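Have the model open as you read.

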Amino acid sequence: MEKKISNDPLHGVTLKKIMEDLEAFYGFDTLGELIKIKCFNDNPSVKSSLTFLRKTDWARKKVEELYIRTLPKLKNLP
């Protein structure tokens with residue numbers, strides 16, 4: 001039997017992993033500039049961001065899109 005490989009870059013990646021990677025790469029200051037949502041600008045934390053993003057589809061979509069655009073840069077880091 002052949003195993004099919006997913007072409008989805010988010011396949012198997014948790015929202016927590018996405019947030020941790022983006023925060024480590026950009027920091028909350030830059031994330032708040034790139035995506036204008038309160039959880040990145042007012043007392044930000046990964047935990048509060050996860051709570052908001054799990055409830056708000058439009059914001060989660062923006063974060064996932066940023067993560068996909070950032071993936072090539074993340075893969076080039078040591």
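In which helix do Arg60 and Glu64 lie, and how many residues apart are they? Both belong to helix 4 (residues 57-75), where they sit four residues apart, about one turn of the helix. Please keep in mind that this is a predicted model. It holds four salt bridges, and three of them are described below.

- The side chains of Arg60 and Glu64 form a salt bridge, with an N to O distance of 3.0 Å.
- Arg60 is partly exposed, as its relative accessible area is 29%.

**Helix 4: Lys61 and Glu65**
- A salt bridge also links Lys61 with Glu65, and here the closest N and O atoms are 3.9 Å apart.
- That distance still counts because the cut-off for a salt bridge is within 4 Å.
- Lys61 and Glu65 are four residues apart in helix 4, so about one helical turn separates them.
- Glu65 is partly exposed, with a relative accessible area of 37%.

**Helix 1: Lys17 and Asp21**
- In helix 1 (residues 15-34), Lys17 and Asp21 are four residues apart, so they are separated by about one helical turn.
- Their side chains meet in a salt bridge at 3.0 Å, N to O.
- Is Asp21 buried or exposed? Asp21 is buried, with a relative accessible area of 17%, because buried means under 20%.

Note on methods. Residues numbered from 1 in each chain as written. Predicted model: local features only at pLDDT ≥ 70, side-chain atom pairs only at ≥ 80, totals over all residues. Heavy atoms only, no water. Helix = DSSP H or I, 4+ residues; strand = E, 2+ residues; numbered from the N terminus. Buried < 20%, exposed > 50% of the residue type's maximum accessible area, 1.4 Å probe, protein only.
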